[in-house]
Amino acid sequence: MDALDSWTRSEHTADVNGAPTTHPVWRRGTGPGVIVVHEMPGLTNGVIRFGDELVEAGYTVLLPHLFGPAGREFSNLDVARAMPGICISREFTKLARGVTTPVAGWLRSLARSLHAELGGPGVGALGMCFTGGFALAMMVEESTVAPVVCQPSTPFIGLPGRAADLNLSPADADVVRRRAAEGCAVLGIRYASDPLPGTRFDTLTSLIGDAFVKVELEGKGHSTVTEHRSQRAVDAILDFFGERLHA
């Protein structure tokens with residue numbers, strides 16, 4: 001059985017870099033809305049299984065498909081195949097500092113649409129690895145009230161200054177700071193020994209203080225809710241969504 005057989009496919013169109021852009025969106029469940037943005041190399045079965053967990057917990061879950069294959073198990077070969085397209089795409093910021101990824105505008109539009117449909121306090125947003133910071137960028141949209149940042153890993157580290165960068169423009173960082181001061185917390189999850197998130201958790205703490213709720217896992221791993229799934233991570237996410245998405 002294909003991992004997406006029980007999900008319903010639609011499409012969402014919004015502006016990216018001044019042009020209308022359309023991506024598929026897979027949907028399942030009932031209850032408050034949560035948008036899960038997949039990691040590299042695409043909408044893998046691990047991401048879908050995590051989405052299924054959220055559905056079973058009582059959420060309407062959207063899985064936007066932004067790049068790479070869908071409905072396959074994670075493989076390094078798929079990472080190698082997906083990377084060239086991502087590197088030339090104008091939708092994603094890979095190396096630049098102090099810049100919000102352009103696809104954030106599309107994701108904010110998706111959050112706005114979902115909230116308008118479902119009502120309630122707002123929607124949750126979760127990004128992971130390559131898209132880890134995308135949930136933070138979605139927080140600029142007032143409809144996003146429960147952003148979760150899992151092992152944020154862009155802009156890619158290796159060059160000076162990038163390990164601390166949040167993939168946010170100064171203007172968007174100011175909005176994140178304001179919304180945090182108004183009560184919108186951010187949940188961050190990573191393996192403490194994982195080098196890929198760099199020092200971004202320190203940057204987030206400096207930006208929003210106690211509004212940044214961080215969970216640092218013991219042991220070795222990277223993908224906290226998929227390939228190296230931690231029950232502690234999943235429980236923290238369910239608690240966070242439960243507190244913030246139920247009216």
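Predicted model: local features only at pLDDT ≥ 70, side-chain atom pairs only at ≥ 80, totals over all residues.
**Entry 1: alanine 146**

I started with the contacts of alanine 146, where contact means heavy atoms within 4.5 Å. Leaving aside neighbours within four places in sequence, alanine 146 is in contact with Val123, Gly124, Ala125, Phe240, Phe241, Arg244 and Leu245. Residues are numbered from 1 along each chain as its sequence is written, and side-chain values use heavy atoms, with hydrogens and water left out.

I placed alanine 146 in strand E6; helices (H or I, at least four residues) and strands (E, at least two) are DSSP runs, numbered from the N terminus. Is alanine 146 buried or exposed? It counts as buried, because its relative accessibility is 0%. For that call, buried means under 20% relative accessible area, exposed over 50%, and partly exposed in between, with a 1.4 Å probe and protein chains only. I also looked up proline 121, 25 residues apart from alanine 146 along the chain, and found their C-alpha atoms separated by 9.7 Å.

**Entry 2: glutamate 11**

Next I went to strand E1 (residues 8-16), which holds glutamate 11. At 53% relative accessibility, glutamate 11 counts as exposed. Not counting residues up to four places away in sequence, it touches Thr22, His23, Pro24 and Val25. With valine 25, 14 residues apart along the chain, the C-alpha separation is 5.4 Å.

**Entry 3: helix H1**

I checked the length of helix H1 (residues 45-56). The expected span of a helix is 1.5 Å times one less than its number of residues. The 12 residues of H1 should therefore span 16 Å, and the end C-alpha atoms are 16 Å apart, which agrees.

Which residues of H1 are buried? I listed Asn45, Gly46, Val47, Ile48, Phe50, Gly51, Leu54 and Val55. A reminder to myself: an α-helix has 3.6 residues a turn, so residues three or four places apart point the same way. The cover over the buried residues of H1 includes strands E2 (19-28), E3 (33-37), E4 (60-64) and E5 (123-128), along with helix H7 (231-245). Just after H1, I noted that glycine 58 takes a positive phi of about 105°.

**Entry 4: salt bridges**

I counted a salt bridge wherever a side-chain nitrogen of Lys or Arg lies within 4 Å of a carboxyl oxygen of Asp or Glu. By this rule the count comes to 15.

I looked at arginine 27 and glutamate 117, whose closest N and O atoms are 2.7 Å apart. This pair links distant parts of the chain, with arginine 27 in strand E2 and glutamate 117 in helix H3 (residues 104-118), 90 residues apart. Arginine 27 counts as partly exposed at 28% relative accessibility, and glutamate 117 is partly exposed too, at 47%.

Aspartate 52 lies in helix H1 and arginine 28 in strand E2, so the pair ties together parts that are 24 residues apart in sequence. I have arginine 28 down as partly exposed, with a relative accessible area of 22%.

Then came arginine 178 and glutamate 142, with closest N and O atoms 3.0 Å apart. Arginine 178 sits in helix H5 (residues 170-181) and glutamate 142 in the loop between helix H4 (134-138) and strand E6 (144-150), 36 residues apart. Both are partly exposed, arginine 178 at 35% and glutamate 142 at 42%. I then found Glu142, Arg178, Arg179 and Glu182 linked in a network of salt bridges.

**Entry 5: pocket and cavity**

I worked on a 1 Å grid over the protein atoms alone: a cavity is a set of points where a 1.4 Å probe fits but cannot get out, a pocket is an open set with protein on both sides within 12 Å along at least five of seven lines, and lining residues have an atom within 4 Å of a point. Grid points are joined across faces, edges and corners, and a volume is the space filled by probe spheres set on the points.

The largest pocket holds about 280 Å³ of space. Of its 15 lining residues, Met40, Cys129, Phe130, Leu196 and His222 lie nearest its centre.

I found 1 cavity of 30 Å³ or more. The largest cavity holds about 40 Å³ and is lined by Gly133, Leu136, Val149, Pro152, Leu166, Arg200 and Leu204.
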